[in-house]
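Have a look at the model before reading on.

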Amino acid sequence: GKPGTKVIITGTSFGEAVCLRGVSFGPGQPAKFQQSNDTITTSVPQGGKKGLVLLTVTTASGGNSKPFLVK
């Protein structure tokens with residue numbers, strides 16, 4: 001995705017919003033987000049690294065990362 005592109009992360013039982021600590025597109029690239037019980041909506045941040053990065057969702061109990069291509 002290009003900077004500014006909306007990204008929807010789907011899953012189940014994300015839990016309460018207070019449990020979600022953050023979403024980032026690589027180290028030092030935090031992104032604003034909105035959460036429901038089964039989706040997290042965010043956008044690719046401006047000015048970040050281009051190429052393959054780790055899209056990381058961090059919760060109170062840890063984090064989970066998946067590769068993401070920033071164009």
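Predicted model: local features only at pLDDT ≥ 70, side-chain atom pairs only at ≥ 80, totals over all residues.

Residues are numbered from 1 along each chain as its sequence is written, and side-chain values use heavy atoms, with hydrogens and water left out.

**The chain as a whole**

Along the principal axes, the C-alpha atoms fill a box of roughly 30 × 20 × 15 Å. For 71 residues, a compact globule would have a radius of gyration near 11 Å, and the chain agrees with its 11 Å. That radius is taken over C-alpha atoms, and the globule rule is 2.2 Å times the number of residues to the power 0.38.

Of the 71 residues, 28% count as buried. Here buried means under 20% relative accessible area, exposed means over 50%, and partly exposed is in between (1.4 Å probe, protein chains only). Among contacts between residues at least 6 apart in sequence, 51% join residues at least 24 apart; a contact means heavy atoms within 4.5 Å.

Four strands make an open sheet in the order 3-2-6-7, with antiparallel pairing. Strand 3 (30-31) and strand 7 (62-70) are at the edges with a single partner strand each, so one side of each has no neighbour in the sheet. Two strands count as paired if DSSP finds at least two bridges between them.

Strand 2 (residues 20-25) and strand 6 (residues 51-59) run antiparallel and are joined by five bridges. Strand 6 also pairs with strand 7 in the antiparallel sense, over nine bridges, and a hairpin of two residues links strand 6 to strand 7. On the strand 7 side, Leu55 stands opposite Lys66, while Leu54 has Pro67 as its bridge partner. In a regular strand the side chains alternate between the two faces of the sheet.

Is Gln29 buried or exposed? Gln29 counts as buried, because its relative accessibility is 19%. Gln29 lies in the loop between strand 2 and strand 3. Leaving aside neighbours within four places in sequence, Gln29 is in contact with Val23, Ser24, Pro45, Gln46, Gly47 and Gly48.

Leu69 sits in strand 7 and counts as partly exposed, at 46% relative accessibility. With neighbours within four places in sequence again set aside, Leu69 is in contact with Gly1, Gly51 and Leu52. Leu69 and Leu55 are 14 residues apart in sequence, and their C-alpha atoms are 9.1 Å apart in space.

**Pocket and cavity**

Rolling a probe the size of a water molecule over the atoms shows where empty space is left. The search uses a 1 Å grid over the protein atoms alone: a cavity is a set of points where a 1.4 Å probe fits but cannot get out, a pocket is an open set with protein on both sides within 12 Å along at least five of seven lines, and lining residues have an atom within 4 Å of a point. Across the whole structure, one cavity of 30 Å³ or more turns up.

| Space | Volume | Lining residues |
|---|---|---|
| Largest pocket | about 160 Å³ | Ile9, Thr10, Gly11, Phe14, Ile40, Leu55, Val57, Asn64, Ser65, Lys66 |
| Largest cavity | about 40 Å³ | Pro3, Phe25, Gln29, Val44, Pro45, Gly48, Lys49, Val70 |

Grid points are joined across faces, edges and corners, and a volume is the space filled by probe spheres set on the points.

Strand 1 (6-10), strand 6 and strand 7 each supply at least two residues of the pocket lining. The largest share, three residues, comes from strand 7. By class, the lining of the largest pocket has five nonpolar, four polar and one charged residues. The buried Gln29 turns up again in the lining of the largest cavity.

Notes. Nonpolar A, V, L, I, M, F, W, Y, C, P; charged D, E, K, R; others polar.
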